[in-house]
Amino acid sequence: MKKILVINGPNLNMLGIREPSIYGRSTYNDLLAFVSSHAEKKQVEVDFYQSNHEGDLVDAIQNAYGNTDGIVINPGAYTHTSVALLDAVKAVGIPTVEVHISDVSTREPFRSISYIRAACVKTIAGKGFDGYTEAIDFLLEH
Ligand code: DQA
């Protein structure tokens with residue numbers, strides 16, 4: 001069975017509370033349930049990790065080395081700032097899909113910048129929670 005790690009960065013634990021007009025009213029636990037049920041249908045093992053701390057996210061990517069077939073990552077605001085996350089994905093060489101719930105390309109200009117994108121096999125933005133399941137399907141097909 002394939003194993004995929006789903007990583008969420010800062011403030012994604014606040015889903016359902018934070019800016020519902022942008023991110024919706026569903027919670028982080030709703031996201032986990034939604035992705036888990038898709039993973040079950042697709043017969044893929046999924047692990048979840050969320051942190052508000054950049055170094056902990058780097059550790060989670062490094063810890064995936066040698067035991068994970070693909071990574072789905074929503075780096076939150078670290079998308080727009082973190083060379084460390086870019087380097088971590090490059091270091092482990094695990095196929096990684098960048099996901100954003102909102103359409104970052106139509107928001108503030110700084111949200112169009114993504115450091116991690118250069119190391120990712122695909123970026124999915126603006127599709128809500130469906131972006132995570134689309135990312136899993138992409139990793140399974142490629
Ligand atoms: C986000 C978009 C980022 O710009 C923001 O900082 C987030 C969430 C998204 O899922 O749309 O925290 O990654």
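The buried residues of helix α3 are covered by elements that include β1, β2 (45-50), β3 (70-74) and α4 (83-92). The model described here is predicted.

Helix α3 spans residues 54-63, and L57, V58, A60 and I61 are buried in it. Viewed along the axis of α3, these buried residues stay within an arc of 160 degrees, so they line one face of the helix.

Helix α4 has its own set of buried residues, namely L85, L86, A88, V89 and V92. Their arc around the axis is only 160 degrees, which puts them on the same side of α4. K90 and A91, on the other side of α4, are exposed. The cover over the buried residues of α4 includes α3 and β4, while α4 in turn is among the elements covering the buried residues of α3.

## Nonpolar cores and a surface patch

In soluble globular proteins, nonpolar side chains tend to be buried together. The largest nonpolar core in this model has 23 residues, and the members that touch the most others are V72 and Y132. Two or more residues of this core come from each of β1 (3-8), α2 (28-41), β4 (96-100) and α5 (130-141).

What does V72 contact, once neighbours within four places in sequence are set aside? The partners of V72 are I4, L5, V6, I7, V97, V99, Y132, A135, I136 and L139.

A separate second core holds 19 residues, including V58, I73, L86 and A119. V58 is one of the buried residues of α3, and L86 is one of the buried residues of α4.

Nonpolar side chains also occur on the surface, where V83, F110, I113 and Y115 form a patch with about 350 Å² of accessible area together. Y115 sits in the loop between β4 and β5 (122-125). With a relative accessibility of 36%, Y115 counts as partly exposed.

## Salt bridges

Side chains of opposite charge can pair when their charged atoms come close. With a side-chain nitrogen of Lys or Arg required to lie within 4 Å of a carboxyl oxygen of Asp or Glu, the count comes to six salt bridges. The table gives some of them.

| Pair | N to O distance | Relative accessibility |
|---|---|---|
| K3 and D47 | 3.7 Å | D47: 30% |
| R107 and E108 | 4.0 Å | E108: 32% |
| E134 and K127 | 3.0 Å | E134: 27%; K127: 43% |

In the bridge between K3 and D47, the closest N and O atoms are 3.7 Å apart. K3 belongs to strand β1 and D47 to strand β2, so the pair ties together parts that are 44 residues apart in sequence. D47 counts as partly exposed, as does E108. In the bridge between E134 and K127, E134 is partly exposed, and K127 is partly exposed as well.

R107 and E108 also belong to a network of salt bridges that includes R111. Is R111 buried or exposed? R111 has a relative accessibility of 16% and counts as buried, because the cut-off for buried is under 20%. R111 is placed in the loop between β4 and β5. Apart from residues up to four places away in sequence, R111 touches H80 and V104. The C-alpha atoms of R111 and T81 are 9.7 Å apart in space, with the two residues 30 apart in sequence.

## Positive phi values and an exposed helix residue

Most residues other than glycine have a negative phi. Which value does phi take at N11? Phi of N11 is positive, near 75 degrees, although N11 is a residue other than glycine. N11 lies in the loop between β1 and α1 (20-23) and counts as partly exposed at 38% relative accessibility. Q43, also not a glycine, has a positive phi of about 55 degrees. Q43 is found in the loop between α2 and β2, and at 57% relative accessibility Q43 counts as exposed.

Helix α2 contains N29, which is exposed with a relative accessible area of 57%. N29 and V44 are 15 residues apart along the chain, and their C-alpha atoms are separated by 19 Å.

Key: Residues numbered from 1 in each chain as written. Predicted model: local features only at pLDDT ≥ 70, side-chain atom pairs only at ≥ 80, totals over all residues. Heavy atoms only, no water. Core = buried A, V, L, I, M, F, W, Y, C linked by side-chain atoms within 4.5 Å. Buried < 20%, exposed > 50% of the residue type's maximum accessible area, 1.4 Å probe, protein only. Helix = DSSP H or I, 4+ residues; strand = E, 2+ residues; numbered from the N terminus. Contact = heavy atoms within 4.5 Å. Patch = residues over 30% accessible without salt bridge, like charges linked within 9 Å, V, L, I, M, F, W, Y side chains within 5 Å. Areas by Shrake-Rupley, 256 points an atom, 1.4 Å probe, with all protein chains shown as cover. Arc of directions from axis to C-beta.
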